[in-house]
Amino acid sequence: MSVWDDLVGQHRAIEALQAAADGHGMSHAFLFTGPPGSGRSNAAIAFAAALQCEEQPRGCGTCKACHTVLARSHADLTVVSTQGLSIGVNQVRDLVRRSALAPVGHGWQIVIVEDADRVTEQGINALLKAIEEPAARTVWMLCTPTVEDVLPTIRSRCRLVTLTTPTADDVAAFLRRADGVSEALASYAARASQGHIGRARALARDEDTRNRRREVVAIPAQLTSLGACMGKASTLNEVTKAEADALTTELDAREKADLDAAFGVVERGRRPREYAPALRDLEKEQKSRAKRRHLDVVDRGLMDLVSVYRDAIALSTGAPGMLVNEEIRTDVERLATTSTPEVQLRRISAIFEAREQMLEFNVQPALALESMMLALVAPEVRGR
């Protein structure tokens with residue numbers, strides 16, 4: 001057992017991080033990049049555990065330091081993530097103050113910023129100064145999808161750790177080993193997740209998740225009329241909104257209860273003056289989180305749609321290997337025979353355009369999805 005066991009298909013990155021933990025190529029700042037689901041945050045946590053490890057070789061996975069880091073409860077570890085739209089300057093300033101403290105133990109003061117690409121412009125400026133002038137025993141770890149997601153001045157001061165998309169075989173083997181998943185289900189989840197470890201585990205564990213994905217990948221074959229396009233856009237928006245709400249409702253209620261308890265609302269039967277602004281801040285944060293969660297769920301659905309059209313291109317060009325959506329091969333074959341690879345590429349472009357509209361330009365999902373569905377339909381249907 002070691003802290004690296006849950007990093008799937010990242011052998012080169014593990015070798016580099018293990019060497020750094022042993023003192024070869026150590027830096028005061030690291031930038032972890034890789035596609036969604038590749039395990040950027042997990043790699044940073046595993047590296048933090050190796051740095052704090054009390055045994056040799058570092059990263060044993062069994063000592064107290066490893067356990068507390070992996071549980072994110074180590075006294076000299078700070079992990080910042082956001083389920084909202086951004087990480088603000090005030091939160092970054094708190095991090096900078098924390099990073100200047102000497103470690104409690106004999107190891108490092110480690111600060112991990114998940115989703116560093118969501119740090120606001122003001123926050124980035126505050127972060128840059130801290131990375132330029134780090135404390136002697138402080139290590140910063142930033143996680144982003146690509147190096148372009150942070151300023152050149154920041155990435156030039158970080159050691160780059162690049163993660164790759166795990167192969168389907170690596171993901172399937174991990175599911176069988178870690179979760180005891182059957183071979184058939186592990187193979188399906190590994191292919192359907194397209195290398196996203198978290199998504200693969202959700203597909204392997206939850207029938208409802210598998211059913212929702214089946215509904216999404218069935219959409220291309222059902223776009224037979226303009227009415228069907230509008231209906232599928234509405235359905236996709238509603239289904240993803242319901243899934244996102246289900247993920248956040250319980251957390252929202254728990255946070256509201258904690259706030260009420262902190263201000264003694266229940267015991268006193270009245271609300272102190274400070275309660276109203278605190279409630280407004282909480283509701284603002286929850287609204288931002290709900291919006292982000294909905295966009296994340298929609299985005300996942302869009303990537304599932306892309307996989308269908310990529311499968312059609314693979315069939316048309318005679319590419320070897322199994323399809324991502326082997327279970328709907330008949331639908332994929334129909335797409336491949338009724339449209340050219342060039343048409344499939346235009347459809348994929350339309351999906352990525354809708355994705356950009358929602359994530360970058362704040363277009364309402366319902367509108368972006370309607371426009372996208374109309375672009376996915378066959379040209380002869382649009383002309384009716």
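Does Arg 205 count as buried or exposed, and at what relative accessibility? In this predicted model, Arg 205 counts as exposed, at 56% relative accessibility. The legends below begin with the surroundings of this residue.

**View 1. A network of salt bridges links Asp 179, Arg 201 and Arg 205.** Arg 201 forms a salt bridge with Asp 179, and the closest N and O atoms are 2.7 Å apart. This pair connects distant parts of the chain, with Arg 201 in helix H9 and Asp 179 in helix H7, 22 residues apart. Asp 179 also meets the side chain of Arg 205 in a salt bridge, at 3.5 Å from N to O. Here too distant parts of the chain are linked, since Asp 179 lies in helix H7 and Arg 205 in helix H9, 26 residues apart. Arg 201 counts as partly exposed because its relative accessibility is 21%, and Asp 179 counts as partly exposed at 25%. The structure holds 23 salt bridges.

**View 2. Helix H8 (residues 183-193) contains a set of buried residues.** Ala 186, Tyr 188, Ala 189, Ala 190, Arg 191, Ala 192 and Ser 193 are buried. The buried residues of H8 pack against helices H7 (168-179), H9 (197-205), H10 (207-217) and H14 (275-317). Gln 194 follows H8 and has a positive phi, near 55°.

**View 3. Strand S4 (residues 138-144) is mostly covered.** Of its 7 residues, 7 are buried. In a regular strand, side chains alternate between the two faces of the sheet. In S4 both faces are covered: Thr 138, Trp 140, Leu 142 and Thr 144 are buried on one side, and Val 139, Met 141 and Cys 143 on the other. Strand S1 (residues 29-33) runs parallel to S4 and is joined to it by 5 bridges; Ala 29 has Trp 140 as its bridge partner in S4. Strand S3 (residues 109-113) likewise pairs with S4 in the parallel sense over 5 bridges, and Trp 140 is the bridge partner of Val 111. From S3 the chain passes through helix H5 (residues 121-132) to S4 in a right-handed β-α-β crossover.

**View 4. Helix H12 (residues 226-262) includes Leu 226.** Leu 226, Met 230 and Leu 374 form a nonpolar surface patch with about 210 Å² of accessible area together. Leu 226 counts as partly exposed because its relative accessibility is 36%. Arg 254 is partly exposed, with a relative accessible area of 42%, whereas Glu 250 counts as exposed at 59%.

Conventions: Residues numbered from 1 in each chain as written. Predicted model: local features only at pLDDT ≥ 70, side-chain atom pairs only at ≥ 80, totals over all residues. Heavy atoms only, no water. Patch = residues over 30% accessible without salt bridge, like charges linked within 9 Å, V, L, I, M, F, W, Y side chains within 5 Å. Areas by Shrake-Rupley, 256 points an atom, 1.4 Å probe, with all protein chains shown as cover. Salt bridge = Lys/Arg side-chain N within 4 Å of Asp/Glu carboxyl O. Helix = DSSP H or I, 4+ residues; strand = E, 2+ residues; numbered from the N terminus. Buried < 20%, exposed > 50% of the residue type's maximum accessible area, 1.4 Å probe, protein only. Pairing = 2+ DSSP bridges. Right-handed = clockwise from strand over helix to strand, strands pointing away. Contact = heavy atoms within 4.5 Å.
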